[in-house]
Structure formats: C-alpha cells, structure tokens
Amino acid sequence: MKNETGAKLPKHGITTTLLHLDRQGRPEHGSLHKPIHTSIAYGYEKAEGLAAVFQNRVPGYAYARQANPTVTAVEAKVTALEQGIGTICFGTGMAALGAVMLAFLRRGDHVVASRYLFGNTASLLSTLDLAGIDVTFADATDTAAVEAAIRPQTKVVLVETIANPVTQIADLEGLGVLCRARGLIYIVDNTLTSGVLFLPKDVHATFSVNSLSKHFGGHGDALGGSVTDLGNFDWSTYPNIHDLYKTGDAARWALLQLRKKGLRDFGGTLSPEAAHSLSIGSETLALRLERACDNAQKLAELLAANPKVRAVHYPGLPGHPHHERTKKLFCRAGTLLSFELHDDVDTFAVLDRLNIAIISSNLGDARTLVIPVAKTIYWELGEEKRRDMGIAESLVRVSVGIEDTADLLADFAQALG
Ligand SMILES: *Cc1c(COP(=O)(O)O)cnc(C)c1O
C-alpha cells in the first residue's frame, strides 16, 4: 500500500494471502472458496475419534457451537492478517470482547480501560464492574495516566487504536512497554485500523480484537468478531488459566481456554453463512482501505477549508493532536473522521442535503455513512457528559467509504452550500 507520509509500509502481501488461503486447506472438489458447512454435529466412525477431539488431543469438529470448518477458514485469515498464533471467531465484535474479558478475569480482578471507547464496550465494562470485576477508565493517550490507575489486582489493559468519534490515538507503543513490564494482558481493539493499517503485535499487545462486521467484511451484510492471540504473552505464569487447559505448548493455553470458557460456554458463535460473507469481503480489504483512506484524507482537507466548519477531527491532518503518533504507528490515518459546524449552521439540514453519503449508524462500510452523534448514539448520555467527553452538539461522524473521490467531495461541498 502507498503511504503518503512515508512513515511505515506493511511487511506482507496480505491481499495475496487472503485470496489464496482457503485453497491451502484443499477444499472439496478444488473449490476456490471454503464451502459453507451447515452441519451442527459431526459423525465419527470410531468412538475413539470423537473422544480424542473432546479431550483436545487432535483438532476436529464435534458440535458447531465451538468449531465449524467454514469458521475455521476465517480464523486462519484473521490470524494471517494480524500475524498472530491463532484466532477464535465470534458472532459479533461485542461477543468477542465479552468472551475475552470473562475467559481471563475473575472476581476481584481489575481492568484499566481507555476513557475513549466504543460506547457498547464501555457499557459492557460497566456490567463487569457490577459483577465484581473492577474497572477504571483512564486517558489511554497518556501512558502515565494508565500507569497511575494500575493496582496490585490489575490484570488487563484495554484500548482501541483510533477512538470513535473524536479520533484520539492511544499511546499504543508506550502502553505496550508498560504492560510488558507489569505482566499485564494488553488487549487492543484493532477494528478501526485492522491488520492492514496497524499490527498490535508490533507494540507487544497480547490480543488483537476485531469487529469483523466493519472493515474486514466491509459490505455491511454480516456480523462477526474475532480475538487473535499475538504470541507475546507468557501464559505459563498467568494465574487465571484453568489446570484443564494447561496441556501441551503453553503458548496455546489461552486460545484453548478462550474457545472453551469464552466461546463454548457463552455461545456467541459465528454462523457459517456470516463467516462466508466475511471471508469474501476480506479479499478486497486492503484495496478498500487504500481508497477509503485516500477519500478520508481529501474529505478532511475539504471540510477543514470550509467556513461553515468549526473543527475537523482526523488524524491525517497536521493539526490533529496525535498526528505524529499516527504517522509513526499506522500505514494510513484511517477512514473515520468527525467535524463540528458553527452554531448558526443547521446540522440536520446539511446532512439532509447529502445525496451520496447515507445517514446511518454503522462504520467501516464500503459506502460513506454519516451520523449526528449527539442526537443519536450519544443521546442517552446527556449534554453534560457529552461535554466532558469532548463531543460537541453539532458533531458529525463520517465513516468514509470507497466511492469515487470526486463524487464524494462534490456531495459534501454542495451539502455545505
Ligand atoms: C462496532 C465495534 C465493536 C462491536 O462490534 P459488533 O460487531 O458491532 O458487535 C467493537 N469495537 C469497535 C471499535 C467497534 O467499532
């Protein structure tokens, strides 16, 4: 991928890998795609065969809640993309986050989480807090603030790469050094960047979590989530691994525990049909991101130059508080931006005049989507809390898609008048 900042280029031909990975598993009849396997149960000729699968002595399929061949093929693609040692897929990104937290935490453990988190993730953490896993929110753009929140009971640090909707960038490198020194599980939600723009593995993250519903699938037609073990954590000394799962190579203990305690017991399984859609979508992931990042950069520049716009939040703009960090960490500055209009401009009227960009709550879609955040996804919080979070009443989030650049820029230019 081209890099306009000259900062960092990806190390691997990920499109080639994603296009050809299914065939390496020799699917039936030479099929180029892994087929959609709909069977819930799997039959064995010998009882010993089924027993060996149940006892984790050989890989295999028994009941589709915890493993399915079509899902396994997607897991292999996410592992390749993230350069990890293994991946477990889930029915949604939230199922992935819920499972990874509950599989590795116990009552009395403590989590330090970013103050700038996807709203549903913050809500999930408040549920865990009520259930006896303590949570502290800290400013993850500042490693010292996270360090100050650490207690003897702290087990996990959870952050996102590019925060939605104001695009703060966590100090991903500094937090990696901190977590390594303190022996903490470091979870990076890589949804906004994906393995194409950023590898959490490079900053010593333990797990990379992705909502596959967003960029990975990219077409807004299938939900999915994933947790990838990046091979950076020494599980042999982690206290919350059950004895049952301490079998074989310690590097794989966490994946086994996550599959059993996180996926099997909670049952947030990815369906084979969704797995297939996500897999097909992923073939164009790098191409889509290249176009969408180009579009986002140009749209941010167009908005920043418009007199009706009070502020633009996009890490690819030199005035962004984390612009230098972005150049150092990511190949490109991403596909998410947000902007504020001056008080005398009617935000809804501007959005209603858009013909191409769609007023919608998703992100990471191939289409450009806009949402007035204070009146929708952050409405429940109330004005005071929004102000604390730096969310202006006029803030519009834009998830930039892959439309032809000229069409997209013209649409926003005419809508702003
Ligand atoms: C959308 C999103 C999630 C949740 O993913 P779902 O697939 O919708 O459950 C988690 N984290 C981030 C950063 C997201 O954008």
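Start by selecting His-29: this residue is exposed, with a relative accessible area of 87% (exposed means over 50%, buried under 20% and partly exposed in between, using a 1.4 Å probe and protein chains only). His-29 is in the loop between α1 and α2 (helices are DSSP runs of H or I with at least four residues, strands are E runs of at least two, and both are numbered from the N terminus). Check its backbone too: His-29 has a positive phi of about 60° although it is not a glycine.

A word on what you have open: this is a predicted model, where local features need pLDDT of at least 70, side-chain atom pairs count only at pLDDT 80 or more, and totals for chains, interfaces and linings use all residues. Residues are numbered from 1 along each chain as its sequence is written, and side-chain values use heavy atoms, leaving out hydrogens and water.

Stay in that loop and pick Tyr-44, found between α1 (14–24) and α2 (47–54). Tyr-44 is partly exposed, at 33% relative accessible area.

Now the ligand. Show what surrounds it and you get 14 residues, with Gly-93, Asp-189, Ser-211, Ser-213 and Lys-214 the closest (a residue counts as near if one of its heavy atoms lies within 4 Å). Helix α4 (residues 93–104) gives the largest share of this shell, three residues.

Zoom in on the polar contacts (pairs of N or O atoms within 3.5 Å; within protein, one must be able to donate a hydrogen and the other to accept it, and residues adjacent in sequence count only if both atoms are side-chain atoms). A polar backbone atom of Gly-93 is 2.8 Å from a ligand oxygen, and a backbone N or O atom of Met-94 lies 2.9 Å from an oxygen atom of the ligand. On Asp-189, take the side chain: one of its N or O atoms is 2.7 Å from a ligand nitrogen.

Next, click Thr-92, in the loop between β1 (86–90) and α4. Thr-92 is partly exposed, with a relative accessible area of 27%.

Two backbone stops remain. Select Asn-164 and Pro-165, where the joining peptide bond is cis, with omega near 10°; Pro-165 lies in the loop between β4 (154–160) and α7 (172–182). Finish at His-204, in the loop between α8 (194–197) and β6 (207–211). His-204 has a positive phi of about 65° without being a glycine, and is partly exposed at 31% relative accessible area.
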